[in-house]
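Here is a short tour for you. Have a look at the sequence and the structure below, and then we can go through a few features together.

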Amino acid sequence: MRVIWIINIAMPDACEALGRKAGVIGGWLTGSRDALLTVLPATELHVVAPYWGGTPREVTVGHTTHHLFPQAWMTAANQMYSKEGPRLTAMSNQLAAYLAE
């Protein structure tokens, strides 16, 4: 099974793999990831998150691939969402309904 998580912080092991000190928040994410991979060890887990760098990065730690994008991109996304939010929400709801069929 493939799982993609979209979260708002880089997980500690991704930070350490890139030579940065891990933050002290988000421990529940690490615990949830570990529990998921214990119960379903064949899971291919991909985590998408912002990080401090200037270019997109990908790093694999254990059974988790982290797809990291520059934090500055979130600002641009937030600006776009404030303008296009209702349309994007409707599209997301349509996609979710389609996938649930």
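Is Tyr51 buried or exposed? In this predicted model, Tyr51 has a relative accessibility of 5%, so Tyr51 counts as buried.

## An aromatic pair

The model holds one aromatic pair. The partners are Tyr51 and Trp52: their ring centres lie 5.1 Å apart and their planes stand at 70°, so the pair is edge-to-face. Trp52 has a relative accessibility of 36%, so Trp52 counts as partly exposed, whereas Tyr51 counts as buried.

Four of them form an open sheet with mixed pairing, in the order 1-2-4-3. At the edges stand strand 1 (2-6) and strand 3 (57-61); each has a single partner strand, so one side of each is left without a neighbour in the sheet. From one strand to the next, the twist averages 20°.

Strand 2 (residues 44-51) and strand 4 run parallel and are joined by seven bridges. Pro50 stands opposite Phe69 in strand 4.

Helix 2 (residues 27-39) lies across strand 1, strand 2 and strand 4, and runs at about 175° to strand 1.

## Around Thr64

Strand 4 (residues 64-70) also contains Thr64. With a relative accessible area of 1%, Thr64 is buried. Which residues is Thr64 in contact with, leaving aside its neighbours within four places in sequence? They are Arg33, Leu37, Leu45, Val47 and Val59.

Key
Residues are numbered from 1 along each chain as its sequence is written. This is a predicted model: local features need pLDDT of at least 70, side-chain atom pairs count only at pLDDT 80 or more; totals for chains, interfaces and linings use all residues. Side-chain values use heavy atoms; hydrogens and water are left out. Helices (H or I, at least four residues) and strands (E, at least two) are DSSP runs, numbered from the N terminus. Buried means under 20% relative accessible area, exposed over 50%, partly exposed in between (1.4 Å probe, protein chains only). Contact means heavy atoms within 4.5 Å. Two strands pair if DSSP finds at least two bridges between them. Axes are lines fitted to C-alpha atoms, for helices over the stretch in contact, and angles run from 0 to 180 degrees between N-to-C directions. Rings of Phe, Tyr and Trp (its six-membered ring) pair if their centres lie within 6.5 Å; planes under 30 degrees apart count as stacked, over 60 as edge-to-face and the rest as tilted.
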